[in-house]
Amino acid sequence: MGGIGALALALVIALGAGAPAISAPLDAACLQRIKAQAVKEGVSRATVDRALAGAAFDEKVRRFATSQPEYKTPIWDYLAFLVDEERIEDGARMLRRHEATLARVQKTYGVDGYIVLAVWGVESDYGQFRGDFHVPHALANLSCGGRRARYFRSELIHILKIVDRGDVALADLQGSWAGAFGQTQFMPSTYRRLAVDGDGDGKRDLVNSVPDALASTANYLKQAGWVNGMPWGYEVKLPAGYSGPSGRKTRASVSDWGKRGVTHLDGAALKGEASAGLLLPAGRNGPAFLVFKNFNAIYSYNVAESYALAISHLADRLRGAGPFATPWPTDDPGLSRAERLQLQKLLLRAGYDIGEADGRVGPATRAGIRQAEARFGMEVTGRPGRKIYEKLGGR
Ligand code: CA
């Protein structure tokens, strides 16, 4: 949410096993001011004290907050681990288990249940991933100094209000370093604005209630402009040597794209007046997509086209569709989560000190990949791709 909360991004910029956190006091005066502000805004003193008891300097939170992704993930890597067979199979199982809830959510909010299911799958691996940080403490670390302190201070007060209202227990507030939490990774302000009670127990508990989490995601997408009955978009075919316009924001009617030579995958003419953008996530030699207004609603959930495409594609795969028809323009495709974990084990077995094999490819793993690439006389990239995977014995 807001481009900083999601598991998807957390994985991309995960720093892996780092140094142990340094224990030091937070800016006590600053924290006192925030506590006073929360009480002034109606939060009980007891809640404020309990939520922030034991809050300490957290080196890891500060490091995540200041680090830039040192590595730009190619779109095919991003899609390979977000939309892998495991997530498709898990999603099919979750669809069976929560079919009635998804149908009800789709009916109530007019939002495609498969898209809601896909958001859940990417944000928290269908509720399996909770995040590594205690949200009030993480936000306390971000609220006193540093970039966007004012924003995080406001989020901290929002989370105190959520706890005070009794929606979520303090012990359940595990989330991202930036404060997003729950099965659909809402930031506290979004939570207060858009979370809904999907199971009718009077609480909006996005941590423990699947119906609450799914209904809240549908509500979010509805508020973001979802149009009932419209697709997110679909894959299309570019004419040879296409040099016309492209981009999510460069919009034209479907039939106008057709006049520029773009066709359905089977060559059939594009017709219709709906407004669409032509998305070329890997340039003119990769897959091409016409994307509609609903793609923008998904985009707003995490403010990245790659994220919106991953959600859209996972939804289609859960619906039974196959992979994209046009391959990514690379001879070194990306790896699934299982293969990433296996790659780490292969690196460890080959003697590269990458820390723990946890499936998260951070700087230590990339350093190991670079060393292995150099030893094999390959181009040194640090990227977890299929070539180095197979060179190390993966299959
Ligand atoms: Ca509820």
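**Close-up views of a predicted model**

View 1. G233 stands opposite V291 in strand 7. The model is predicted, so local features need pLDDT of at least 70 and side-chain atom pairs count only at pLDDT 80 or more, while totals for chains, interfaces and linings use all residues. Residues are numbered from 1 along each chain as its sequence is written, and side-chain values use heavy atoms, with hydrogens and water left out. Strand 3 (residues 233-237) and strand 7 (residues 288-291) pair in the antiparallel sense over 4 bridges; two strands pair if DSSP finds at least two bridges between them. Strands (E, at least two residues) and helices (H or I, at least four) are DSSP runs, numbered from the N terminus.

View 2. An open sheet is formed by 5 strands in the order 4-6-7-3-5, with antiparallel pairing. Strand 4 (247-253) and strand 5 (263-264) stand at the edges with a single partner strand each, so one side of each is left without a neighbour in the sheet. Helix 14 (residues 293-302) packs on the sheet and touches strand 4, strand 6 (275-279) and strand 7; contact means heavy atoms within 4.5 Å. The direction of helix 14 makes about 160° with that of strand 4. Axes are lines fitted to C-alpha atoms, for helices over the stretch in contact, and angles run from 0 to 180 degrees between N-to-C directions.

**View 3. Helix 14 against helix 15.** These two helices pack at an angle of about 120°, with their axes 8 Å apart. Helix 14 and helix 15 are therefore oblique to each other (angles under 35 degrees count as roughly parallel, over 145 as roughly antiparallel, 65 to 115 as roughly perpendicular and the rest as oblique). F295, I298, Y299, Y301 and N302 in helix 14 meet residues of helix 15, including E305, Y307 and L309. Ala, Val, Leu, Ile, Met, Phe, Trp, Tyr, Cys and Pro count as nonpolar, Asp, Glu, Lys and Arg as charged, and the others, Gly among them, as polar.

**View 4. Helix 5 against helix 15.** Helix 5 (residues 75-82) and helix 15 (residues 305-318) pack at about 40°, and their axes lie 10 Å apart. The two helices are therefore oblique to each other. From helix 5, I75, Y78, L79 and L82 meet S306, Y307, L309, A310, H313 and L314 in helix 15. By class, this contact has 8 nonpolar, 2 polar and no charged residues.
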